[in-house]
Amino acid sequence: MNWATARKLLPFALLALGVAAPFALPTFLVQLTFLWIMIVFALCWDILGGQMGYNSFGNIAFFGIGVYTATIVQIGLYQDVASYTAAAGMQTISLTPDQYFTGLFVGLAAAPLLAVAVAALLGFALLGLRGHYFAIATLGLGIAAGELAAAWTFLGGASGVQVPVYPGSLESGRLLFYFLSAGLGVATFLTLRWLYTTRFGLAMNAIRDDEDKAEALGLRTTRYKVIAWCIGAVFLGLAGGLVGHIIGFIDPREVAFAGASFGVWMILMAILGGKGTLWGPVIGAVIFHAMRELFWTYLFGWQNVAMGVLIVIVVVFFPVGILGWLRRRYPQLFVRDVPAASRGAAE
Amino acid sequence: MDNLLLLIQAPSLNVQLLIDGVLIGAVFALAAYGLALVWGVMNIINVCQGEFVMLGGYVALYVARAGLSPFLGIPAAMIVLFVVGWLAYRLVIFRIVERDLFISLLATFGLSILLGQLMNISFGANIETLDAHLGTWFLLAGTVTVAQIKVVALLVTLVIAGLIIAFMRRSRLGQAIRATAQNARAARILGVDTDRVYATTYALNAAICGAAGALVAMIWTISPFSGLIYTVRSFMIVVLAGLGNLVGVIVAALGLGAAEQFVGFILGAQFQIAFIFLALVAILILRSWRLRRQRRYLT
């Protein structure tokens, strides 16, 4: 089998692997679920960071909005939210399966909507900033969102929110969220794959290469930037809605607006795999997630130190990423099939 | 909003908050000046600034625990942090000096996480404070209290600022630093060892942060993970003041300190950190809007 056909079959093989994995490795189900979430993280960061050259530290804000919205909506459909959060976990909520699933899907619909609304509003204000000013402003945004959530008593303040318990068995709940996460990961990937082939994708790359020239050529750059940010927010909001249920508890700073963990990881994964490529973030997410689990297992106590070292090493020594390096080393692997007809025309 | 009414009914509270804010702002000015120094000379935004501050605080804490005067902690923190800064430069920073700004931003962010975690492991996650055993002055018939240590902090800040200005203006190395900031290539052609200049600048910045940290430990609290907020404060102050404007940095820092005190009092302490980060976002947005009218942007 030559490389060209292998490359075509590879996605299907991976997809089959993704479907089979939860049954083959039931003990790692939660880690596998998070793997898909990590893939969504890396892909969403790469929309702006890789394809458009706008490095955001604040994408975690949309994730956090998703986490809170999905859960608060689910609770709010059946109970008074303020009194529930005021009880800080002392008051339990038990939903019938019907109520639970209605709430879950209404919540999962509301989460991306709110995330996009916030992204659009903030986008028009923030995306006029460039370079490191944008990066620092988004860093501030991510942390400010977490602090606001921690200070807002309606959202449970610093003590967080207890997510409603899944009405079925533990196993079936985990499987459900595995497949929801996997579906989200695949949907994100396919959407971005399509997006990067369109005119919109070209415009994003043009903004990365030279924003002033792109603007001079008549592209409304701010509009493109805001839309790209909103697309990222859709998937991050959905991912947030799922993660709230997977973890089962929302802490404002450690789960929802976890800038120092999820927020940094998404950048690191995209860079590790190769930013500005479609497969790079996916590869980066898989490798990073595996490494992280190893750190947690073998370096317990020092795992966060190891993460810090890893960030510095990757950024300083390996900023091109795995795919970037492969592309430089083995360019023949990345040859695109050009149809014979257009090949003749080009010559 | 009850607290707002309180401010109007008891005017001396305003004086209290203002004095507190201005005295605390002096410490921010130190860290902000260090950030501006590294930014101006090396074109790096040093995100691990706040961790240097915290580390300085821990050095002072351990000096005091060893039975020495807490004020010895200030020079001790400066010396230790100078070494730390030098090491950080020799290990990591020199590789990113003339590279893409994003790489330096993320690499120093990685350093900040690394330092925070190392401090967490070595010193524990508890919030610590250092008692300098100084008294308190009571002004305006006892309605306004001023902790003497805060006044000392202001004085130390002024002394250090004066020393830095003298160093930059007078010493050969200070001149080399300024020359490198203006044009690194030209400086290199004229025989300035820019690598050494960068190393000194970065280590000097760390030392300044160390002094700030020792003061923070005495007037406030330190903990391994509260470094980032000092970075953000410094960045905000520098953005407000502009690079290479020491007077502006001090004014902006004192203003920020006072603003924080008032907001913390009116909205409640739990909003104080959120306010700082939101203020950062707001300041950047406002500045970029003003520039956008002239079709320019922040660079």
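The pLDDT is the predictor's confidence in each residue, on a scale from 0 to 100. Chain B averages a pLDDT of 86, and 98% of its residues score at least 70. This is a predicted model, in which local features need pLDDT of at least 70 and side-chain atom pairs count only at pLDDT 80 or more, while totals for chains, interfaces and linings use all residues. Residues are numbered from 1 along each chain as its sequence is written, and chains are lettered from A and ligands numbered from 1 in the order in which they are written.

**Confidence**

- For the complex, the predictor gives an ipTM of 0.82 and a pTM of 0.87.
- Chain A has a mean pLDDT of 86, and 95% of its residues reach 70 or more.
- Helices (H or I, at least four residues) and strands (E, at least two) are DSSP runs, numbered from the N terminus.
- In chain B, confidence is lowest in helix H1 (residues 2-9), at a mean of 73, and highest in helix H4 (residues 73-91), at 92.

**Chain A as a whole**

- Chain A has 16 helices and two strands.
- The radius of gyration of chain A is 21 Å, close to the 20 Å that the globule rule gives for 347 residues, so the chain is as compact as a globular protein of that length. The radius is taken over C-alpha atoms, and the globule rule is 2.2 Å times the number of residues to the power 0.38.
- The C-alpha trace of chain A spans about 70 × 50 × 40 Å along its principal axes.
- Of the 347 residues of chain A, 48% count as buried. A residue is buried if 20 or more other C-beta atoms lie within 10 Å of its own, exposed if 12 or fewer, and partly exposed in between, with C-beta atoms placed from the backbone.
- Two residues are in contact if their C-beta atoms, placed from the backbone, lie within 7 Å. Among contacts in chain A between residues at least 6 apart in sequence, 81% join residues at least 24 apart.

- The expected span is 1.5 Å times one less than the number of residues.
- H2(A) is mostly covered, with 18 of its 21 residues buried.
- In helix H8 (residues 199-209) of chain A, the buried residues are A:Ala203, A:Met204 and A:Ile207. They cover an arc of only 100° around the axis, which puts them on the same side of H8(A); the arc is that of the directions from the helix axis to the C-beta atoms.
- The cover over the buried residues of H8(A) includes helix H9 (211-216) and helix H10 (221-247) of chain A.

**Chain B as a whole**

- Chain B has twelve helices and two strands, and along the sequence they follow the pattern α-α-α-α-α-β-β-α-α-α-α-α-α-α.
- The radius of gyration of chain B is 19 Å, close to the 19 Å from the globule rule for 299 residues, so this chain is as compact as a globular protein of that length.
- Along the principal axes, the C-alpha atoms of chain B fill a box of roughly 65 × 55 × 40 Å.
- Buried residues make up 50% of the 299 residues in chain B.
- Helix H11 (residues 246-267) of chain B has 22 residues and reaches 31 Å from its first C-alpha to its last, close to the expected 32 Å. Just after H11(B), B:Gly268 takes a positive phi of about 105°.

**Two buried residues of chain B**

- B:Pro224 is found in the loop between helix H9 (194-219) and H10 of chain B, and it counts as buried, with 23 C-beta neighbours inside 10 Å.
- Beyond four places in sequence, the residues that B:Pro224 touches include B:Met54, B:Gly116 and B:Phe123.
- B:Ser234 lies in helix H10 of chain B and is buried, with 30 other C-beta atoms within 10 Å.
- Leaving aside neighbours within four places in sequence, B:Ser234 is in contact with B:Phe28, B:Ala31, B:Ala32, B:Leu35 and B:Gln49.

**Where the chains meet**

- In chain B, 34 residues are in contact with 32 residues of chain A.
- Helices H5 (101-123), H10 (227-241) and H12 (272-292) of chain B are the elements that give two or more residues to the side touching chain A. H5(B) gives the most, with 13 residues.
- By class, this side of chain B has 28 nonpolar, four polar and two charged residues. Ala, Val, Leu, Ile, Met, Phe, Trp, Tyr, Cys and Pro count as nonpolar, Asp, Glu, Lys and Arg as charged, and the others, Gly among them, as polar.
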